[in-house]
2 protein chains.
Amino acid sequence: MKRYRNGEIWDFESQAPPGSVGAGVVLGVDGGTTSTVCVCLPASGPLPEPLPILSRAVGGCSNHNSVGENAAKETLEEVMAEALSKACYSRSAVRAVCLSVSGVNHPTDQQRILEWLRDIFPTHVTFYVENDAVAAMASGTMGKLHGCVLIAGTGTIAYGFTEDGKEARAAGAGPVLGDWGSGYGIAAQALTAVMKAHDGRGPQTKLTKNILELLNLSSPDELIGWTYADPSWARIAALVPTVVSTAEGGDEVANKILYDSVQELADSVIAVVRRLRLCGEVADGKETFPLVMVGGVLEANKRWDIGKEVVKCISKVFPGALPIRPEVEPAVGAALVAWNRYQYTSECNGVREADSPRISVVQ
Amino acid sequence: MKRYRNGEIWDFESQAPPGSVGAGVVLGVDGGTTSTVCVCLPASGPLPEPLPILSRAVGGCSNHNSVGENAAKETLEEVMAEALSKACYSRSAVRAVCLSVSGVNHPTDQQRILEWLRDIFPTHVTFYVENDAVAAMASGTMGKLHGCVLIAGTGTIAYGFTEDGKEARAAGAGPVLGDWGSGYGIAAQALTAVMKAHDGRGPQTKLTKNILELLNLSSPDELIGWTYADPSWARIAALVPTVVSTAEGGDEVANKILYDSVQELADSVIAVVRRLRLCGEVADGKETFPLVMVGGVLEANKRWDIGKEVVKCISKVFPGALPIRPEVEPAVGAALVAWNRYQYTSECNGVREADSPRISVVQ
């Protein structure tokens, strides 16, 4: 059994009486660059609404590209231990774990994490190790991996799943490689428009006044220093609400930036749906599929609703797209993937069958 | 007198007999992020061809934004001392200095450098402290600051000068702020096109095969790791020759990227020329003005000649643009600015008049 610097991670198991193992529990982890959340659900079904969340634990970054392999592992192990401890269960009660972690892009990443999970948990536990898009998808479909999820926050990615286990992605390669529909992409285009208006390459725009006021700068020239003073993409992306409100005020330049970004976001979903034939076997068919929409860019709009415009664009090509705005957090989505997977395994073993929670479809 | 860590910078003055002060010398410095070059010319005119370059010294980075104020100062002082030492002159022989240094963008930057120069040189010396665009402009016009210079290497900027001393610039705000005609911009668009072809958002392109072969990668997915492994803009910009050769091979995607970039570069020149009325007092007039073209993006082309296409674009709007490809290096341009400035000062003081070297205009 591995021990990290805080060797007491699993010590609660020998101190507190474990909860009834009974039907056991499942764990879902949403591991991101900002934070990592673990949720514990009962492994037995059917699950009532609201979901009987037994516990929830929060940790720091678990993206191995950002903090390195060891720190990522430690964070993941800590949040799982804390969630189990809060729910008064020991590892022997765990039936399935879904780790949905950003930075997991290759089978080699999955393999490394799987080996380490097998080192921690009993041999009968089912594991599911995936990209963080899985948790986002499942948070909209209550655990079922079928359809397409569009994530648009600081970055953007479209990720699709067929019912028979095929996957495809589009975009998600970061700002240098052209994610222009992301929060960063929208804000960078707005900053560019301000520079172009300033030096005579582009039309005048109210973005100048609005962005300079927000940043407390007196001239577009000062934007150069502001931009390169800190390389954080999130800091640039934080300008999106100003771009949206400027567009709402009727500014043509801001409106063009938003419409172009809507098209970029829609294009990434369309590419995934087409490759996976989520719309049916006919090219550009009309079959229905869930389209889960996640992230600040798709959510935080009022009159100018980026998410709604993206859905409009996609629906012109695929009228069967069923847009879903998740009502639960991604970690719950991951826990529901673990729950579904456990039901499936039990069913294959002839134990019993359980109803999947209802999928909530919103317009 | 200030002394830096190598206190012996000016020690040669007390050891070697100084060269004849006579009419004295001028210094031109081209200070960049990669290297800093100082050239020493006789202060007396007219200058014959080829130019009587007395000495040349090379140092490291002198952009204060990159290496800090003290290291930048030290590099500048060292290259000037070395150039004077090689030419066997002491500081008392210096009549004028033109420092054309990248990172000098505000009057406060100029002021700081001027104060420090006054601390080093005798009081009668004329100083001219400017952005590195000045050296590039002057390298094409043999020292005369009139016209527009377009620099397109890893980055891009258009910089213009009127005969009565007005200046204007366009672009030059780096990749985040939309310098899409730069080497970095062209290469980033090519990488984006490869990602889009790979995930189904864009048309297939031969850029995929050519770029992956160049970088020794087996799949576009690996471009993500390659791109973010090193944040150097120059490393990305080094892909430009591959984009050009792919366009020459008839690839439509590569051709579109180059034509879009040509338009971006032309737009920056057009904006500067229009603001400064370099084409005459009538809007979009036909008066002639020098258009100096500098940098790898404008030079290293064969069949697909980016520089030629940019000139075509500009000439449609301003038929009076006279394209110049400099035959001397920017440091010589800076030295010629110092030389011109000294002639002007002498003339004002009634000393004598000198012919300016001929401006070399190429098509």
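Modeller: Contact here means heavy atoms within 4.5 Å. This is a predicted model, in which local features need pLDDT of at least 70, side-chain atom pairs count only at pLDDT 80 or more, and totals for chains, interfaces and linings use all residues. Residues are numbered from 1 along each chain as its sequence is written, chains are lettered from A and ligands numbered from 1 in the order written, and side-chain values use heavy atoms, without hydrogens and water.

Biologist: Which residues does A:S182 touch, not counting residues up to four places away in sequence?

Modeller: A:S182 sits in the loop between β8 (167–171) and α6 (183–199) of chain A; helices (H or I, at least four residues) and strands (E, at least two) are DSSP runs, numbered from the N terminus. Leaving out residues up to four places away, A:S182 touches A:G153, A:T154, A:G155, A:T156 and A:V297.

Biologist: Is A:S182 buried or exposed?

Modeller: Buried means under 20% relative accessible area, exposed over 50%, and partly exposed in between, with a 1.4 Å probe and protein chains only. The relative accessibility of A:S182 is 2%, so A:S182 counts as buried.

Biologist: Which backbone nitrogen does the side chain of A:S182 reach?

Modeller: The side chain of A:S182 reaches the backbone oxygen of A:T154 at 3.4 Å. At 2.9 Å it reaches the backbone nitrogen of A:G185.

Biologist: In what order do the five strands of the open sheet in chain B lie?

Modeller: Two strands pair if DSSP finds at least two bridges between them. The pairing in this sheet is mixed, and the order in chain B is β3-β2-β1-β4-β5. Each edge strand pairs on one side only, and these are β3 (55–59) and β5 (126–130) of chain B.

Biologist: What is the bridge partner of B:D30 in β4(B)?

Modeller: Strands β1 (residues 25–31) and β4 (residues 94–101) of chain B run parallel and are joined by seven bridges. Within β4(B), B:D30 has as its bridge partner B:S100.

Biologist: Why does the span of helix α4 (residues 107–120) of chain B agree with its 14 residues?

Modeller: The expected span of a helix is 1.5 Å times one less than its number of residues. For the 14 residues of α4 of chain B this gives 20 Å, and the end C-alpha atoms are 20 Å apart, so the two agree at 20 Å.

Biologist: What do the buried residues of α4(B) pack against?

Modeller: The buried residues of α4(B) are B:D109, B:I113, B:L114, B:W116, B:L117 and B:I120. They pack against α2 (64–67), α3 (69–86), β4 and β5 of chain B.

Definitions and conventions. A polar contact is a pair of N or O atoms within 3.5 Å; within protein, one must be able to donate a hydrogen and the other to accept it, and residues adjacent in sequence count only if both atoms are side-chain atoms.
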